[in-house]
Amino acid sequence: MDSFIKGAASFEEVDLLINPSKQELNNTIVYIPGSWRALRDTLPMRRAGIIKKLIAGPLICFQTVDEHDGIIGDASIDCYIVASEWVKREYTAEAAKYGLNIRNIQVCPAGVDQCIWAPLNLKEDKTICSRVMLYVKGEGNKVSTDTLNSLAQSGFDVRVLKAGSHVPTDYKNMLEWCDFAVILGGSETQGLALTQAWSMNRPTLVYESESVIARGRDAAPYITPQTGMKWHNVEELRDGLAALRNCTPRRWVLENQTNEAAFRQFLSIVKTL
């Protein structure tokens, strides 16, 4: 939500009301990102025509799409937001399984604050890469030892950061230290930590397991040749190391995934409703 509010501040024509009273809701477009109770309480006003449009998501459901009596399938919701294309596909398939019709699913990822996630040293010369952060979470633990050994044997100075054992400051400090990051995890609905690394001008080489692929998911939905690459075995990891010299991750973020860029995409969705 912080990303959304910061992004909206870049658009003078947008009158953003945060947690308004019911009296202020008349003839407005209401967006509820993550409270099913707020959504439940707002639906009658949309049905009555008090509010013009109602947008929800992406944080209404966390396990299955039929949570809270299938609330996100209510026909009064004009649009449901998800963070990436694979999530849209999964929601659509799961909704059919539960007999729900989720109206107008749209993809709109969150942005990052490029001023907060800005490095002291841009390290623009990607031909000199010796320090690597190995970031490990979830099922990435299964391949962490082999990956660490492979990087160490190639002469890299490796430091390991494990998800759940650090605070955001630790992550940023590690990004400041490293030249690039190798990410070991599972699927990501968006991969905001990746975007934060890119905003720090640190390319990422992201491991994607066979189980992630088999489930139709994605380990890095927004990765591009500018920001890094996905890899599935040691040979592909070596290819990724060679490709680092061509990466310009911060430039990509500034053009595509700042808070302002994310809110601009949100506005483009609103205009279609």
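This is a predicted model: local features need pLDDT of at least 70, side-chain atom pairs count only at pLDDT 80 or more; totals for chains, interfaces and linings use all residues.

Biologist: What makes strand 3 and strand 4 a pair, and in which sense do they run?

Modeller: Two strands count as paired if at least two bridges are found between them; strand 3 (residues 79-82) and strand 4 have three bridges, in the parallel sense, so by the cut-off of at least two bridges they are a pair. One of the residues involved is Ile 81, whose bridge partner in strand 4 is Gln 106.

Biologist: Which order do the strands of this open sheet take, and why are some of them said to stand at the edges?

Modeller: The open sheet has four strands in the order 1-2-3-4, with parallel pairing. Strand 1 and strand 4 (105-107) are at the edges because each has a single partner strand, which leaves one side of each without a neighbour in the sheet. On average, neighbouring strands of this sheet are turned by 25 degrees against each other, direction ignored.

Biologist: How do you know that helix 2 has the length expected of a helix with its number of residues?

Modeller: Helix 2 (residues 36-47) has 12 residues, and from its first C-alpha to its last it reaches 17 Å, which is close to the 16 Å expected at 1.5 Å a residue.

Biologist: Which residues of helix 2 are buried, and what puts them on the same side?

Modeller: The buried residues of helix 2 are Leu 39, Thr 42, Leu 43, Met 45 and Arg 46. They cover an arc of only 170 degrees around the axis, and therefore lie on the same side of helix 2. These buried residues pack against strand 1 (29-32) and strand 2 (53-56), and helix 2 itself lies across strand 1 and strand 2, running at about 160 degrees to strand 2. Just after helix 2, Gly 49 takes a positive phi of about 80 degrees.

Biologist: Why is Asn 259 called buried, and what does Asn 259 touch?

Modeller: Asn 259, which lies in helix 11 (residues 259-270), has a relative accessible area of 7%, and since buried means under 20%, Asn 259 is buried. Leaving aside residues up to four places away in sequence, Asn 259 touches Ser 3, Lys 6, Gly 7, Gly 111, Val 112 and Asp 113.

Biologist: Is Ala 197 buried or exposed, and which residues does Ala 197 touch?

Modeller: Ala 197 is found in helix 7 (residues 192-199), and because its relative accessibility is 0%, Ala 197 counts as buried. Not counting residues up to four places away in sequence, Ala 197 touches Tyr 171, Leu 175, Arg 202 and Thr 204. Ala 197 and Pro 44 are 153 residues apart in sequence and, C-alpha to C-alpha, 42 Å apart in space.

Biologist: Why is the protein chain called as compact as a globular protein of that length?

Modeller: The protein chain contains 11 helices and nine strands. Its radius of gyration is 21 Å, close to the 19 Å that the globule rule gives for 273 residues, so the protein chain is as compact as a globular protein of that length. Along the principal axes, its C-alpha atoms fill a box of roughly 65 × 45 × 30 Å. Buried residues make up 48% of the 273 residues, and among contacts with a separation of 6 or more, 73% are accounted for by residues 24 or more positions apart.

Definitions and conventions
Residues are numbered from 1 along each chain as its sequence is written. Side-chain values use heavy atoms; hydrogens and water are left out. The expected span of a helix is 1.5 Å times one less than its number of residues. Buried means under 20% relative accessible area, exposed over 50%, partly exposed in between (1.4 Å probe, protein chains only). The arc is that of the directions from the helix axis to the C-beta atoms. Contact means heavy atoms within 4.5 Å. Axes are lines fitted to C-alpha atoms, for helices over the stretch in contact, and angles run from 0 to 180 degrees between N-to-C directions. The radius of gyration is taken over C-alpha atoms; the globule rule is 2.2 Å times the number of residues to the power 0.38.
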